[in-house]
Structures are given as C-alpha cells and as structure tokens.
Amino acid sequence: MQFREIMCGIVGYTGERRACPVIIKGLQRLEYRGYDSAGVAVCQENGALNVYKCKGKVSDLERHLEGKDSSGTIGIGHTRWATHGEPNDVNAHPHLSRSGNLALIHNGIIENFRVLRDALRSHGFTFRSSTDSEVLVNLIEFVRESENCSLEDAVRIALKQVVGAYAIALIEKGNTTRIVAARKSSPMAIGIGDGEYFLSSDAASIIDYTQSFVYLKDGEVAVIEKGKPLHITNLEGREAPVSIQKLNLSISQLEKGGFDHFMLKEIHEQPDTLGDCIRGRVIPETREIVLSGVLENKERFLKARRIIFVACGTSWHAALIGEHLIENMCRIPVEVEYASEFRYRDPIIYPDDVIIAVSQSGETADTLAAVEIARSAGAFVYGICNVVGSSIARGTDSGTYIHVGPEIGVASTKAFTGQVTVMTMLALLVGRLKGTVDSGYYHRVAQAVLELPSTIRKALETAGQVAALARTFTYAHNFIYLGRGYNYPTALEGALKLKEISYIHAEGLPAAEMKHGPIALIDAEMPTVAIATLDATYEKTLSNIEEIKARGGKIIAVVSDGDELVRRSADYCIEVPSTVECLMPLVSIIPLQLLAYYIATYKGRNVDQPRNLAKSVTVE
Ligand code: F6R
C-alpha cells in the first residue's frame, strides 16, 4: 500500500552548532500542521550516520533521543503525516539506503514508486518500510554506485526517473558538512546564516536563526555546504541563480500571544491583519486604490472576457464572494471553480480570460495544478495568496498578497477575511478603471474598507455572548447555516468552520433553498444559524426564518445592530455592526468563527490541529 503524505515537515542544519536542537525546535514550529511521527538523522564528528525516529510527537522523539549520540553539527529532521496506512516507527523518516550510507527525508509522493521499487528489487534491493521515500533513497544509492558519480549527480539522475512531487534532503555517512536538497511541487526554503545553513519546508519554522532565505524552484538541486557558497543547479546540471529574499517575520507573530489557541488569537487579530492588508492600498485621503499587480496589468483586466476563480475550501468560499463583488462592480462574468474539479475536466479557457487563484498557503496542489493548466492555455493568471514566496505566488503572472501574517490554526479565519478584502479592493479598482462602478458607490465602499479594522473590532465584542450561546448548543449533532446573496458563502464558511473543528455535521444553504427539500430536516433537535442582516434580501430571509420557526426549529440569528423584526422570531440574536452590504460577510463571519471555536473547545476538541486535517494540502 502506498503511504501518501500531506504536508510533512522538513528541517535541516549544517554549521557549527549542534544540529539536533536546531532541528527539534524547527520541527516543533511545524507541529501545528499535524503529523503522526517524527525523526532525525545526524552525521557525527566521526562520520557515523545515526537515525532516530518514532511514531508520535516531537516530544516523543526528544525522549527517544535521550542518552543517544546525536551531537553532530549536520542533520536533517522530519515530521510525517500519513493519510493511508498505519503510522509507525518504520515508516517514519529519515529513511536509510540499503548500505546505510545515505539518509533521506521526503515530502510529497513518488507516483511511479512501484515501478521503481520493482526495478530495484531486481537488483537485489529489499525494503523495510512501505513508503515511496525509501524507494527514492535506494534509487539514488543505486545510481550513485552504478554511475560512480557524486551525490548531487546521483540525485539529479534519479529524480529524472521520478514521477510525482517531492521536496527532499539527504545527508551521507562520512560527510559532516554537506546536505543535498531538491524540490518539485513541494516547498523548500534554505535559510542563510553566518557560515551555516538551515533548511525547511516552511521558512517561518527557522526564523529564530535567520530572516534570509533562498526558495528552491521546481526542478532545482541545492548543495548546501557549511562555510561554502550555496550552489544550485537544475536537473540538467546547469547553474541556477541564487536569489536571497528577506522575510520580515517576528517570533511573536508565530506564538499564541496569550490566547488559549492559535485559532482564537487569529480570530481576534483580524482588526490588525485587515489593517495590514489594506495599508498602502486604499489611500485614506483620496480613497484611491493602489494594487500594483492590477495596475501593471490593467489591460488584461479591462479586456477580460471572463474571470475564473480557482480555489479550495475556505478560499473557494471567499471566491464565491469575489464573484458577487466583481460581477457587481466590474460587470465581467465570473465563474468560481473548485480547483480539483477544474483541473480534471478539460476546461475551456480563452487567452483573454483572467484566472484568479486564491490560496492561503499558496501550496495547495489542486490550485497549483489549475494555475499551470490556465497558464498553458495562455490565460493571464493572478494569485491571491498569504504565504510570501509560496509556489502559487511564484507560479502566477501577477497577484496580491493578503498580508495577514502566518495562519497557524488549521481552520482558516483571518485568511478568509483578508482574501475577501483583497477581492473588494480588486473589484473596486477594476470597476473604477472600466467605468462600471458609480463614483458615489466607489467612495462609500472604499471608505468602508478603510473602516474595516474598527468594524471588525466591534463585531468581536460579540465573543462573550457567543461563548455563552455555544454552551447551549455544544450537544447538537447537526446544524444548518442559512444566508442569501453576499452572505450565502458566509453560511457555507460558518458551516465548514463548525464541521472541521467540532466534528458536528453542518450544512450551509441559500435560505430560499430550504423549502426545496432541506426543511424536512427541521425539528427541535436541528438548530439553524441564519444570517439576517439588513440587506437586499433581509425580508425574504425573515420569511425563511419564520418557516423554520413554524416547524419547531431553533434559530440563532446574526442580525444588524438594533434589529427588531428578526428578534420576534429567532430564539437567539447576535447583533453585529453594519457596513456596506458587500462587506457584510466580513462582519457576519466573526460570530460564526467564534461559535465554531467555542463549541469545539467545550467539546474538548483539538481546535488548532483537528483530526484528519493538515494545514496545507500539497498533494491531491
Ligand atoms: C478550512 C481550510 C481549508 C483551506 C483549503 C485551501 O478552514 O483551511 O478548507 O481553505 O485547504 O487551502 P489554501 O487556501 O491554503 O489553498
């Protein structure tokens, strides 16, 4: 059976320090992503290559290391998250080659590993684990022995035979200075220190040591040797430029800042993160919008026949709001596609289409594949990402970062509001350039964007009420979320938040769809969360609420401040501040994020690392 790995963590070090503590600290910073086993390989001063690995947490690995010889100054470490098959000590990384001379860590999937394994078996190789990664380390060893070449040449030759995705790092017995690393469709950053190097699948995990990074590109192989310049080549052996980028990230941005969970911190941080997202992009004095990615590619947007959003999960929900925003302000037809469906159905893409890929992590495999398809069809591809330097950010023609800082909680919160804010600015700007948005409306929305931090701060004042309400509903087994217009995607997103962190089944629906079937589910055991803020469909949503009430359903309504009408029908009302209708999803989602959070904590769930989920899904 193939063991697929989603977003495992990679950390490496070569320099003067002891490698193990550096690696363990880096792996701890990657823990939030979810994983089931961990391991390290260290090359000792005497050249011995020691591998320690076990099922469980990084703390189990630390215990496992006690009393063992792990004093070397070069090493690689890994956290593994298997989606099929049992996680165990043997399947954990690093994997040693047959001779024990090479140790390898790997993120991704080698899709043709069975063919490669059979070929290696015919040369007498045997395998201890069920992983594709062990096949890869042996393939590299086989090439090295048969071609009598350097390790980096063996890596290059072996990788040419590989179909799939990988970020790999290798160290070797007897070499106390050099790591060889390579990547394809899986992230890898090299941290540059003073005569020392760090390696990680996520630069944020090593910012304790450096803020200077080189991001390996697809098909690149790096030789990372203590005290020597970084050497990067492509799979053909041609030199590649080494471009160092600065990451301005503070440790406090990565820590919980006094909150019990990263998710709660990230919910409460939204006034600030939206401030960061807007800063410099909406000029307060003139309300002019400056999105350089759009302005530099003005013609592509002005001539767009169509805009297609590609995204997954929460980012897909944000895109549904983007569809309303763009159609309304720019009068350009918009389609919103699940990236995973788009990539496999031979989509019709015109060269004058604009594809907008939305992704917090910038590493989601399906979204990245959709980007590649769109680019090869000649369309202009724009990215809306959070993680700077991520694969989607680099793989698109242009784009806008949402700049909301690292999102650690697996359930996306501040990225959603950042994405919708960027889409609002984009729609306003393109609408202005096209002349499809009326000046009064433009100024009202731009002003409301500027006021978002304070509006969201007010919406967060519902936290106490929502926490109390959550107690009442902690034992519900199912929930329905309803919304209309701009708030239909908010209902989908509220339901997703509850599902993923509380494991309660929840369904988001357009309110008017209830009578076409789902209303049959309503009884006293089925709570409904209805978004009924003052907007174009307010009265219609009110009728939908009354229909549910008449069937004995319990209603929690999110309403505009001072609402009187819904209060008469709903069992509980959460009042949120008002803003322009197109920004209401940003306000209404706040109590829904909080409701999911509190219900999940009352149920004792692991809010930041819910079961079966990983933060970035870098394989399909
Ligand atoms: C839900 C969640 C996921 C992600 C999805 C896409 O809370 O986090 O649904 O939104 O996996 O991830 P990105 O945005 O990184 O492409």
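Predicted model: local features only at pLDDT ≥ 70, side-chain atom pairs only at ≥ 80, totals over all residues.
Local features need pLDDT of at least 70, side-chain atom pairs count only at pLDDT 80 or more, and totals for chains, interfaces and linings use all residues. Residues are numbered from 1 along each chain as its sequence is written, and side-chain values use heavy atoms, with hydrogens and water left out.

Start with the domains. The chain is divided into domain 1 (9-111 + 165-252), domain 2 (256-450) and domain 3 (461-605). These bounds come from an automatic or database domain assignment. The C-alpha centres of domain 2 and domain 3 lie 26 Å apart. Across their interface, 30 residues of domain 2 are in contact with 23 residues of domain 3; contact means heavy atoms within 4.5 Å. Together, domain 2 and domain 3 bury about 2,100 Å², 75% of it on carbon and sulfur atoms. Buried area is the accessible area (1.4 Å probe) that two parts lose on being put together, summed over both. On the domain 2 side, M263, H317 and H324 lose the most area to domain 3, together 21% of what that side buries.

Helices (H or I, at least four residues) and strands (E, at least two) are DSSP runs, numbered from the N terminus. Helix 11 (residues 313-330) and helix 19 (residues 488-502) pack at about 165°, with axes 9 Å apart. Axes are lines fitted to C-alpha atoms, for helices over the stretch in contact, and angles run from 0 to 180 degrees between N-to-C directions. The angle therefore makes helix 11 roughly antiparallel to helix 19. Angles under 35 degrees count as roughly parallel, over 145 as roughly antiparallel, 65 to 115 as roughly perpendicular and the rest as oblique. The crossing is left-handed, meaning that the near helix is turned anticlockwise from the far one by less than a right angle; clockwise is right-handed. G313, T314, W316, H317, L320 and I321 of helix 11 meet P489, L492, E493, L496 and K497 of helix 19. By class, that contact has six nonpolar, three polar and two charged residues. Ala, Val, Leu, Ile, Met, Phe, Trp, Tyr, Cys and Pro count as nonpolar, Asp, Glu, Lys and Arg as charged, and the others, Gly among them, as polar.

Next comes helix 8 (270-278). Its axis comes within 8 Å of that of helix 17 (residues 452-459), and the two cross at roughly 165°. So helix 8 is roughly antiparallel to helix 17. This crossing is right-handed. Helix 8 contributes Q270, P271, D272, L274, G275 and I278, and helix 17 contributes L452, P453, I456 and R457.

Helix 4 (residues 132-147) and helix 5 (residues 151-160) pack at about 120°, their axes 8 Å apart. That angle makes helix 4 oblique to helix 5. Helix 4 passes helix 5 in a right-handed crossing. Residues in contact include L136, L139 and I140 in helix 4 and L151, A154 and V155 in helix 5. The contact has 10 nonpolar, no polar and two charged residues.

Two backbone details remain. Most residues other than glycine have a negative phi, and most peptide bonds are trans. The H93 to P94 bond is cis, with omega near 0°. P94 is in the loop between strand 4 (74-80) and strand 5 (95-96). R287 has a positive phi, near 60°. R287 is found in the loop between helix 8 and helix 9 (292-295).
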